[in-house]
Amino acid sequence: MALQARYEDVPLETKQHLFDQVKADARFDSYLYGCYECGICVAACPSARFYDFSPRKIAQAAGRQDLPMFYEQLNDDIWNCSQCFSCTRCPRGNNPGGLITIMREVAINNGLSSAKHALEGYGRVVYKIMSTGTQVSPDMLQPNAFPDWGPHVQEISDNLELWRRALPPDTLHTTSTAWEVDDRTLTELYLIWHMTGVLDMIKSVDMGLHMILNDVMEELLDEAGYTAD
Amino acid sequence: MPIPLTVLENRRDARDDRGPATPPTEDVRERVFELEAKGEWLVQRVPDPWIGVTTKYGRTKKIPVARTWHHKSCGQCGHIPGYSTSIFWLIRKLGLDYNDPKDQTSCTAWNYYASATSNQGAQAAVAMRNFGAAYESGYFPMIHCGTSYGHYKEVREELVHSAELRDEVRRICDKLGKPFVMPEEIVHYSEWVYAMRDEFAKRQVLDLSGIDVTVHPACHYHKLVVEDAIYDPDVYGGQRTAVVSAVVTALGANVKDYSTWFDCCGFGFRHILVQRDFTRSFATLRKIEVMQEEANPDVVLTHDTGCVTTLDQSQFAARAHDRKVGVPVMSEAQFAALAMGAHPYRVAQLHWHNTEYRPLLEKMGIDWRERWREFEDDLERLKGNDKTFLTWEDADA
Ligand code: SF4
Ligand code: SF4
C-alpha cells in the first residue's frame, strides 16, 4: 500500500484536530525550531537502525504541518521510539524524541486504536506505577516473563523472599514493590493522579484498568479524608 | 565497520578543547533563585560542605557531601539491589549522614517515556511532592536513577518557564500540605561518586591496574538538559561526560575506548518489556560486541538502572547465536565498593546479575568461592529465622 494510503479515508479535519493538540502543548515550541534535514538525529537514533523509523521525518512532518504524514506517524511510528533522546544532538536544537512524547500523549488522550494496541500487555506496568508509586518490582522477575534472560531468572524467583531479606537497607525487604512506600505517600500520589487528569487518560485507553485503579485509590483517599476534585 | 580508533584520537588531538567562551544556554539556577525572590517557591540550598564540579559549558555545580535524601530507583532496588546497596555502603564507609526515605515515590516516568499515560502536570507534581518530602526531612535530594534525574531537570525547566504549570502544581502541593520547593541543584548519585572518587581511592584495598573497563554513559544523564552534566577537560578532552570514567581512572583501572559510546543501550522503556527483540539486538550488536572487538574489556561500567539491566540481561540469548558476548556489567558504585573491600554478595549482590562475573572477581583479587560460602551461611541463618534480615553490621563482618 502506498505511503499514507491506508489512512486516506480518515478526514483531514480529524488529522488537523490531532495535530492542533500536539502543537498546542506547552512543550512543543521548545522541541522544534525548524529542521536542516541534516539527518544527524537519524544517525544517532537507535530505533532508526532496527525499524522503518526516522526522527528527521518526525521533525519534518511537524515543521511542515504535513497532516497525512503526521497522522501516519501518530499511528505507525511513535511507539518505535526508545525515548533515549540521542536525537537532542540536533544542531538546530530540536528534540524529536520530545515531539514523540507529546504525540504519544495525544494518541492516548484520543483513544486511538493504535495506542491501545501499543499498550497491550503493558497494563500491569501502568497499574503498578500508579498504585504503588514504583515499578520494576522484584516479583516481576518470573521465568515466563523473561524467558530470554535464561535460567538465572528462575533462580531469583525461587529465592526471592530470602534474597530480599539478605539486603542490608531496611527499605528493600519488599517483593511486590521496589522499596517500601508508606500509605500516606501513596494517598498523596493518588490525589495527584486525580487532580491532573491522568485517571481520565487511562479511561480513554483501558476501561478495565481505570475501574481497578479507581477502586484502589478511592478507598485510600476516603480513609485519609480527601475528596478528589 | 567500526571507526578506527586512531581517527578518533587524531581528531581529539586536533580539537579545540576550550569550548565556547560564553555558555550557549541560560543558567536555569538563576531563574530558580529569581522565582524564590518573587516568593513563588522556596529553594532548598545544597548543605555544607559541598564540592564544586564543572558542567558542560564550564559552570560550577555544587555536589553535597552528606545529609543526602536518597531518591531511589525502581529498577535498581527491584532487580539489581546491589546497586542501591553499594551507594549506601559507600556513604556509610565514609561515615556520612544520609536518609533512606519511605515517603518517596519513583519519578513515575515509566508512564511518561514508555506508555505516555501521564502528562506534564502530573509529572511535575510527582517531582515537587518528592522535593517537598526531602525538604521536610532537612536532607538534600540525591537521585539514583538517570531517568529520574534527567526528567526532573526537564520538569525544572518547564516549571521555570511556565507560570501556569507552577500554579497547577502549587495548588496540588497546597492540597497535599507539602511545601512548594525546588532544590538549588538537581544531583545524580554518579555526580557524588565522581566528586568523592579520591576519597574512595584513599580507602581502596584492591589493585585494579590489570582491569580494563568500557564505560557506557547513560542517555538520560547526558542527553537530557545537556548543559547540567559533568564534563572535565582532563577526561576525553572535555568532549564526553566525565562521570564514571574519572572514577575508573581514580581507582587505577584502565578506561578503554570504543566507537559506539554515544549509542544508547537499547533499553527503550516499552521495548525492554514488550519488544525485547529490539533491546537484545541493539544491546549486543551495537554495544557489547563493539566493545569486545575494539576494547576487549573485563567489565562494562555504567551509571544508570536500565543500562545495567539491558546490557547484562541481553547477553544470555545472544549466546545462542554465537555472538561475541560474555562481559559482566555493573554500576561504578558497585565497582568502587568492591575496590574498597565490599562483600561481592552481601553488598554488591552480584548474584542478581546474569552475565558471568566470577572471572572478573578473580582478576580483581576477590575469592568469590569463600565469599559465596559466607553468603550461603547468611542465607541459612535467615532461613532458620535466627535472623530476620541481613544488617549493615553483617555486611561488613
Ligand atoms: S528519542 Fe526516539 S527518535 Fe530520538 S534518538 Fe531516541 S529513539 Fe530516536
Ligand atoms: S538533527 Fe535536527 S536539523 Fe538535523 S534532521 Fe534531525 S531534526 Fe532536522
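Predicted model: local features only at pLDDT ≥ 70, side-chain atom pairs only at ≥ 80, totals over all residues.

What percentage of the 229 residues in chain A do buried residues make up? The figure is 57%.

Let me begin with the overall picture of chain A. There are 13 helices in this chain and zero strands. If you follow the chain from the N terminus on, every element you meet is therefore an α element, since the helices are the DSSP runs of at least four residues and the strands those of at least two. The C-alpha atoms occupy a box of roughly 55 × 45 × 35 Å when the principal axes are used. As for contacts, take those between residues at least 6 apart in sequence: 67% of them join residues at least 24 apart.

You will find Leu162(A) in helix 10 of chain A, which covers residues 152-165. Is Leu162(A) buried or exposed? Leu162(A) is buried, because its relative accessible area is 9%, and the cut-off for buried is under 20%. Which residues does Leu162(A) touch, once those up to four places away in sequence are set aside? They are Leu379(B), Leu382(B) and Lys383(B), which belong to chain B. For a sense of distance within chain A, consider Ala48(A), which is 114 residues from Leu162(A) along the chain. The C-alpha atoms of these two residues are separated by 42 Å.

Next, the ligands. Ligand 1 is surrounded by 13 residues, and the closest are Cys45(A), Cys81(A), Ser82(A), Cys84(A) and Cys87(A). The shell of ligand 1 consists of eight nonpolar residues, five polar residues and no charged ones. Around ligand 2 there are 13 residues, the closest being Cys35(A), Tyr36(A), Cys38(A), Cys41(A) and Cys90(A). How do the residues of the shell around ligand 2 divide into nonpolar, polar and charged? Eight are nonpolar, two are polar and three are charged. Two helices of chain A, helix 3 (40-44) and helix 5 (55-64), each supply at least two residues of the shell around ligand 2.

Asp48(B) and Pro49(B) are joined by a cis peptide bond, with omega about -10°. Pro49(B) sits in the loop that runs between strand 1 (42-44) and strand 2 (50-54) of chain B.

Two further residues of chain B have a positive phi although neither is a glycine: the value is about 60° for Ala116(B) and about 50° for Gln349(B). Ala116(B) is placed in the loop between helix 5 (110-114) and helix 6 (120-137). Gln349(B) is placed in the loop between helix 17 (332-339) and helix 18 (358-364). Ala116(B) is buried, with a relative accessible area of 0%. Gln349(B) is buried as well, and its relative accessible area is 0%.

That concludes my presentation, and I thank you for your attention.

Conventions:
Residues numbered from 1 in each chain as written. Chains lettered and ligands numbered in written order. Heavy atoms only, no water. Buried < 20%, exposed > 50% of the residue type's maximum accessible area, 1.4 Å probe, protein only. Contact = heavy atoms within 4.5 Å. Near = heavy atom within 4 Å. Nonpolar A, V, L, I, M, F, W, Y, C, P; charged D, E, K, R; others polar.
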